[in-house]
Amino acid sequence: MAFQKAVKGTILVGGGALASVLGLSQFAHYRRKQVNLAYVQAAECVSEPVNREPPSREAQLLSLQNTAEFDILVIGGGATGCGCALDAVTRGLKTALVERDDFSSGTSSRSTKLIHGGVRYLQKAIMKLDIEQYRMVKEALHERANLLEIAPHLSAPLPIMLPVYKWWQLPYYWVGIKLYDLVAGSNCLKSSYVLSKSRALEHFPMLQKDKLVGAIVYYDGQHNDARMNLAIALTAARYGAATANYMEVVSLLKKTDPHTGKERVSGARCKDVLTGQEFDVRAKCVINATGPFTDTVRKMDDKNAAAICQPSAGVHIVMPGYYSPESMGLLDPATSDGRVIFFLPWQKMTIAGTTDTPTDITHHPIPSEEDINFILNEVRNYLSCDVEVRRGDVLAAWSGIRPLVTDPKSADTQSISRNHVVDISESGLITIAGGKWTTYRSMAEDTINAAIKTHNLKAGPSRTVGLFLQGGKDWSPTLYIRLVQDYGLESEVAQHLAATYGDKAFEVAKMASVTGKRWPIVGVRLVSEFPYIEAEVKYGIKEYACTAVDMISRRTRLAFLNVQAAEEALPRIVELMGRELNWDDYKKEEELETARKFLYYEMGYKSRSEQLTDRSEISLLPSDIDRYKKRFHKFDADQKGFITIVDVQRVLESINVQMDENTLHEILNEVDLNKNGQVELNEFLQLMSAIQKGRVSGSRLAILMKTAEENLDRRVPIPVDRSCGGL
């Protein structure tokens, strides 16, 4: 009989420098508080990494091919899979890990970016007297503290405000949040507190003030999820694990156990997705940590295996940073359909989500317009009427598939337990399913414990509590100052590098190109409004980046922050990667096309294009139509009914403004809906109608034409930089 064990888990529906939230003095106090004896003892048990730097992908592939037999082979390079590899290799087990795509390419990079115990699950535990839910929350709060400790550059405590609009809710929520602090015990990040109405609006000025009676603020953690996942993978590689992305498991290998006569899983047939090469990787134990694709691997082992995973889609959107305070999040505890939505500052932008709906398994989940609008409507309910929440301000959107453990007959994913499950098949395949980002480490520990017991492996207890991840050991909140002083980087760029690479930021800085300017001395940006620099592309290849999509979505987070900015940076990224990886022109074009397709479908660009099409209605007042026609005819002096680059150049020259032809072509192309090389009056009116309705924002042509109309006589320069780049 297959053995199945339910294990405690926690919720994460889903980073930033800690010092920016707490301040340097408070950070130091927090740091001392978290470094307890257990952490020190755990870290001291582990020998130093065998590699100063992670081996190259080529070296890892040779290790996979030439090792006669591993103790552990992990399938899946998400947070849990990489956590399993790190746990196993630090116990002294010979460990391998393969991932069919990139590390963190699935659910682990598409979270709400929170590290938390789950306030609402504590509520359920108390209301239903559910001891398992209580233990799940308590364990998650312990793991939250550990994760903030071992990767301080990638994570930080974040205050989250719970606005209260009814007097009776104030004591109700206060008791619940105080219990959350109490359950956390010594792992409490900072005590929660109550704010009056005036103080709440002072902290969160864009909040809906009508009927507001006050607010409660509590603390959870926030992180850069994809970079955190990558840090786990790189740490495992440095400790000696043979880890390789773009290695697909084609089939499982089996051999007959001489003692029982039964077939046992003994490895996997793997295929290098980039070259097509196939070879066998043998192991005493194979672990299935493939998230939403759990049942696919289980059916490789046993085609009659029952499904244990029911996928649920969670959509998130990113909006400009001015929608939320820089260091205060918001929790909507009861949306119109009973779900919970977070509204959080992240990477100087604002992230909102998530939804929770049943979905089909796919490698390329797409955010739906319905889910985007649901989130926008919920945001409108909590923000002041002075803040116009526009569809055009959605800078990026994505859908992540949560691998929820469930009864296959259940239809309501809202009632599904988030506990993780370790399942051991008849042939010895170990599956870890369910769980949350926050508890990846404890999930990995449970999984490796099961592997050791089932396959009689020689290893001691887990040693990952307190074990610093790549970049965390020598990081400090003032590290970025040394980057500015030693290398001549912009302060914003230096802060970004320190918060992304930790103590490895110096290696990136050494690769930075000279700008040719007085300041900054080095650090050429990939795109003007984000602190990502060209050196990160070269360094990203050392971190196993193989494609342009890897670079824009997981080595940098451009695709998750602003898809238009990501698209603008793509040609330069492909050029730099092509130089390092010896891509020919055909390969470069293929990478460009694949990355643009990724942005279009998976990151919300498709939704942007659908906000303004040649079928868009013109819904304007007659007075507005007359006003916009007059503006249009200032450019269309010949009354042709359309404007071209020549028309725009003529107007700009008349007010002594110079702009290169490529930029003008890009500006007109954004509004040229039928792609005939010109903008017709009807297209211009469609644009202005979409802007009025909030479906489109940041149109460079609209800004240029409006400013030109206002300044034709004054002869002042016209600002045409992308305004937010809204979708």
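1. Five bridges join β10 to β11 (residues 278–288), and the two strands run antiparallel. Five residues lie between them in the hairpin, and Gly-276 in that turn has a positive phi of about 85°. Strands here are DSSP runs of E with at least two residues and helices are runs of H or I with at least four, both numbered from the N terminus; two strands pair if DSSP finds at least two bridges between them.

2. A word on the basis of all this. The model is predicted, with local features needing pLDDT of at least 70 and side-chain atom pairs counted only at pLDDT 80 or more, while totals for chains, interfaces and linings use all residues. Residues are numbered from 1 along each chain as its sequence is written, and side-chain values use heavy atoms, with hydrogens and water left out.

3. On its other pairing, β10 (residues 263–272) meets strand β9 (residues 247–256) through nine bridges, again antiparallel. Leu-253 stands opposite Gly-267 in β10. The hairpin of β9 and β10 has six residues between the strands, and Gly-261 there takes a positive phi near 80°.

4. Asn-245 deserves a look. This residue lies in strand β8 (residues 242–245) and is buried, at a relative accessible area of 0%. Buried means under 20% relative accessible area, exposed over 50% and partly exposed in between, with a 1.4 Å probe and protein chains only. What does the side chain of Asn-245 contact on the side chain of Asp-102? The two make a polar contact at 3.0 Å. A polar atom of the Asn-245 side chain also lies 2.8 Å from the backbone oxygen of Tyr-544. A polar contact is a pair of N or O atoms within 3.5 Å; within protein, one must be able to donate a hydrogen and the other to accept it, and residues adjacent in sequence count only if both atoms are side-chain atoms. Leaving aside residues up to four places away in sequence, Asn-245 touches (heavy atoms within 4.5 Å) several residues, including Arg-57, Glu-99, Phe-103 and Arg-555.

5. Helix α10 (residues 225–238) has 14 residues and reaches 20 Å from its first C-alpha to its last, close to the 20 Å expected at 1.5 Å a residue; the expected span is 1.5 Å times one less than the number of residues. Because 14 of the 14 residues of α10 are buried, the helix is largely enclosed by the rest of the structure. Gly-240, with a positive phi near 115°, follows α10.

6. The aromatic pairs come to 13, where rings of Phe, Tyr and Trp (its six-membered ring) pair if their centres lie within 6.5 Å, with planes under 30 degrees apart stacked, over 60 edge-to-face and the rest tilted. Tyr-165 and Tyr-382 have ring centres 5.9 Å apart and planes at 75°, so the pair is edge-to-face. The partners are 217 residues apart, with Tyr-165 in the loop between β5 (155–164) and α8 (169–184) and Tyr-382 in helix α12 (residues 369–382). Tyr-165 is partly exposed at 21%, whereas Tyr-382 counts as buried at 14%.

7. Trp-398 and Phe-560 also form an edge-to-face pair, 4.8 Å centre to centre with 65° between the planes. Trp-398 lies in strand β17 (residues 396–405) and Phe-560 in helix α19 (residues 558–561), so the pair ties together parts 162 residues apart in sequence. Trp-398 is buried at 0%, and Phe-560 is buried at 1%.

8. The charged end of Lys-113 is over Trp-346, 5.0 Å from the ring centre, and Lys-640 lies over the face of Phe-642 at 5.3 Å.

9. Lastly, some backbone points to check by eye. Most residues other than glycine have a negative phi, and most peptide bonds are trans. Gly-353 and Thr-354 are joined by a cis peptide bond with omega about 20°, and the bond from Trp-519 to Pro-520 is cis with omega near -5°. Lys-348 has a positive phi near 65° and is exposed at 56%. Gln-639 has a positive phi near 60° and is exposed at 52%.

Key:
A charge sits over a ring if NZ of Lys or CZ of Arg is within 6 Å of the ring centre and within 35 degrees of the ring normal.
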